[in-house]
Amino acid sequence: MTSAPAELPTKAGDLRAAGHLPRSIKAEIRDNLLKELRAGRDPWPGIVGFTRTVIPQLERALLAGHDVVLLGERGQGKTRLLRTLVGLLDEWTPVIEGAELPEHPLEPITPASRRRAAELGDDLPVTWLHRSLRYAEKLATPDTSVGDLIGDVDPVKVAEGRSLGDPETIHFGLVPRSHRGIVAINELPDLAERIQVALLNVMEERDIQVRGYTLRLPLDVLLVATANPEDYTNRGRIITPLKDRFGAEVRTHYPLDIDAEVDVIRQEAEFTAEVGEPLLEVLARFVRHLRESNAIDQRSGVSARFAVAAAETIAAAALRRSAITGEEPAVARPVDLEAVPAVLRGKLEFEPGEEGREIELLEYLLRRSVADTARERFAGLDLSPLAHAIADGNLVTTGERVPGRDVLAALPELPVLHDVAARAGVEPDESPGRIAAAVELALEALYLSKRVAKDADNDTTIYGV
């Protein structure tokens, strides 16, 4: 974030002379969203898989000026989507310099700011607030208090001689301090019901109540929240009056197709080594199989973060092999998938009765995912020459300590290997590691179709007969 442009007005009189008119936060978002849509630009950078489902619903809610609840399982991108709302705010907005709340210089709302505005008139000092500072996010927890969200009496101010009923004794909470901005509450049902009650006036009457007296503050906030359907009804719930005050409830979902799932992984993962598209497709299918499995507690969901963590794990396995063998660049191969079940088992919730079978289930679904990906990649390609080469005694050894060049050296020169590499998106002149990754996928496809045998022992895997 850079400093505000020097040419912006610094006094209320200059602001008024420039023709600046205050807008509500919802009108500001509506105007900017319409501007983006009319220009054909994407107002939601980095959001994948929601273009025809969630995004149109959210845009309609914002154009209607509604507060919004995003309802969906964990890892569906709810928080990320809310954070992109910042991009719909004006880059810079004027506020009263030195005020406790970000009040508009032409529309002060606190007694102190109104008094200053009356005294200083056009000389009221103005500063400019960047849009990144107009978004506040709170993770709802059972110990969240009314003071955290709304405010409380500040004993220091009372000790200074102000009376207890003086509005200037209030220490404002998150919501008032987000005046003219966006307040996002994650996992809203986790808020205690009495804390939810404190939000009722904020959302309807747009005022706040603290310690038995009402301070009429015409707050201007957009309140957005997230909730998990399971928590929505069981562990906690949104009280009916508060739910009624949200103008829109938008359901999110996991990516609907493999390509979208791969895009999410590619976008979110921080790779320490190269991971090719076929392996990302394996992980995307793996996650989808998990979401369809009766052995997984689907009420908890299978987060997109699971696939991201899996991709980072196989990249780390490739980097480790590169360090051990000295092979560069570090490229992930199908053998690295073996690290996924053991490392990520704890990220899933299994149904009762599955105790002791977790790894077995994950390995089975991972094999299915590899088979599905290989079938898709090598459809119509005759892998018989590769199977015959193995049958003729050309055993292929791979593992976490075997470089790609050794995998390729175990096989004779076969035209089908060039076709295999091409189907995996690898050029013939690329590194041995990349070509070996494609060849390993073909070997695994032959093994899963029972055309070659596989013997795995500790950190070594041998494809043979």
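This is a predicted model: local features need pLDDT of at least 70, side-chain atom pairs count only at pLDDT 80 or more; totals for chains, interfaces and linings use all residues.
Residues are numbered from 1 along each chain as its sequence is written. Local features need pLDDT of at least 70, side-chain atom pairs count only at pLDDT 80 or more, totals for chains, interfaces and linings use all residues, and side-chain values use heavy atoms, with hydrogens and water left out.

**View 1. The aromatic pair of F286 and F306.**
The structure holds 1 aromatic pair. Rings of Phe, Tyr and Trp (its six-membered ring) pair if their centres lie within 6.5 Å. Here the ring centres of F286 and F306 are 5.9 Å apart. Their planes meet at 55°, so the pair is tilted; planes under 30 degrees apart count as stacked, over 60 as edge-to-face and the rest as tilted. F286 belongs to helix α14 (residues 277–292) and F306 to helix α15 (residues 304–325), so the pair ties together parts 20 residues apart in sequence. Helices (H or I, at least four residues) and strands (E, at least two) are DSSP runs, numbered from the N terminus. F286 is buried, at 1% relative accessible area. F306 is buried too, at 2%. Buried means under 20% relative accessible area (1.4 Å probe, protein chains only).

**View 2. A charge over the ring of Y254.**
The charged end of R291 sits 3.8 Å from the centre of this ring. The rule asks for NZ of Lys or CZ of Arg within 6 Å of the ring centre and within 35 degrees of the ring normal.

**View 3. The largest pocket.**
A pocket is an open set of points on a 1 Å grid over the protein atoms alone, where a 1.4 Å probe fits, with protein on both sides within 12 Å along at least five of seven lines. Its volume is about 580 Å³, the space filled by probe spheres set on the points. Lining residues have an atom within 4 Å of a point. There are 24 of them, and G75, Q76, G77, R80 and R305 lie nearest the centre. Helix α4 (78–83) gives the most, with 4 residues. Domain 1 (12–251) and domain 2 (258–464) both contribute, so the pocket lies between them. Domain bounds come from an automatic or database assignment.

**View 4. The second largest pocket.**
This pocket holds about 320 Å³ of space. Of its 16 lining residues, E338, L366, R367, E444 and K454 are closest to the centre. The largest share, 4 residues, comes from α17.

Conventions: Buried means under 20% relative accessible area, exposed over 50%, partly exposed in between (1.4 Å probe, protein chains only).
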